[in-house]
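I opened this notebook to keep track of what I looked up, entry by entry. The structure comes first, and my notes follow below.

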Amino acid sequence: FDPETGHLVAMEMFSDTGTDPCEVHFGQYGDVGGRLMPRHMLIRHGDEVFTELRIQGIEFAPAPREKT
């Protein structure tokens with residue numbers, strides 16, 4: 001987490017014990033419907049960039065109704 005903004009800046013995921021992690025780096029946060037969402041993601045595996053995503057739009061589905 002960024003100590004100044006509190007934004008998530010990266011996370012690591014391991015597919016198996018002893019393997020290199022998949023790293024996802026987040027950036028360029030912006031407001032989307034009152035929520036701060038990253039507009040840029042850089043995905044790495046080992047020492048190589050797997051892909052880079054630039055997000056142009058996000059839509060949220062309505063929250064499901066609570067069962068009564």
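**Entry 1: a charged residue inside.** I keep in mind that this is a predicted model. I began with E23, which is buried yet takes part in no salt bridge, and I noted that R44, the nearest side chain of opposite charge, lies 4.2 Å away. A salt bridge would need a side-chain nitrogen of Lys or Arg within 4 Å of a carboxyl oxygen of Asp or Glu. I then asked which side chain makes a polar contact with the side chain of E23. I found that of H25, at 3.1 Å. Leaving aside residues up to four places away in sequence, I listed M11, E12, L42, I43 and R44 as the residues that E23 touches.

**Entry 2: the sheet around it.** I placed E23 in strand 2, and went on to look up the sheet as a whole. The sheet is open, has four strands in the order 1-2-3-4, and is paired in the antiparallel sense. Strand 1 (10-13) and strand 4 (48-54) are the edge strands, and because each has a single partner strand, one side of each is left without a neighbour in the sheet. From one strand to the next, I noted a twist that averages 25°. As background, I wrote down that strands of a sheet pair through backbone hydrogen bonds, either parallel or antiparallel.

**Entry 3: the neighbours of strand 2.** On one pairing, strand 2 (residues 22-32) runs antiparallel to strand 1, and four bridges join the two. Within this pairing I found M11 bridged to V24 of strand 2, while A10 has H25 as its bridge partner there. On the other pairing, strand 2 meets strand 3 (residues 35-45) over 10 bridges, again antiparallel, and here G27 stands opposite H40 of strand 3. How many residues lie between strand 2 and strand 3 in their hairpin? I counted two, and noted that G33, which is in the turn, has a positive phi of about 60°.

**Entry 4: the salt bridge.** Having seen that E23 has no salt bridge, I looked for where one does occur, and found that the structure holds one. The partners are E52 and R54, whose closest N and O atoms are 3.0 Å apart. Are these two buried or exposed? E52 counts as partly exposed because its relative accessibility is 42%, whereas R54, at 56%, counts as exposed.

Terms used: Residues are numbered from 1 along each chain as its sequence is written. This is a predicted model: local features need pLDDT of at least 70, side-chain atom pairs count only at pLDDT 80 or more; totals for chains, interfaces and linings use all residues. Side-chain values use heavy atoms; hydrogens and water are left out. Buried means under 20% relative accessible area, exposed over 50%, partly exposed in between (1.4 Å probe, protein chains only). Two strands pair if DSSP finds at least two bridges between them. Axes are lines fitted to C-alpha atoms, for helices over the stretch in contact, and angles run from 0 to 180 degrees between N-to-C directions. Lys and Arg count as positive and Asp and Glu as negative; His and the chain ends are not counted. A polar contact is a pair of N or O atoms within 3.5 Å; within protein, one must be able to donate a hydrogen and the other to accept it, and residues adjacent in sequence count only if both atoms are side-chain atoms. Contact means heavy atoms within 4.5 Å.
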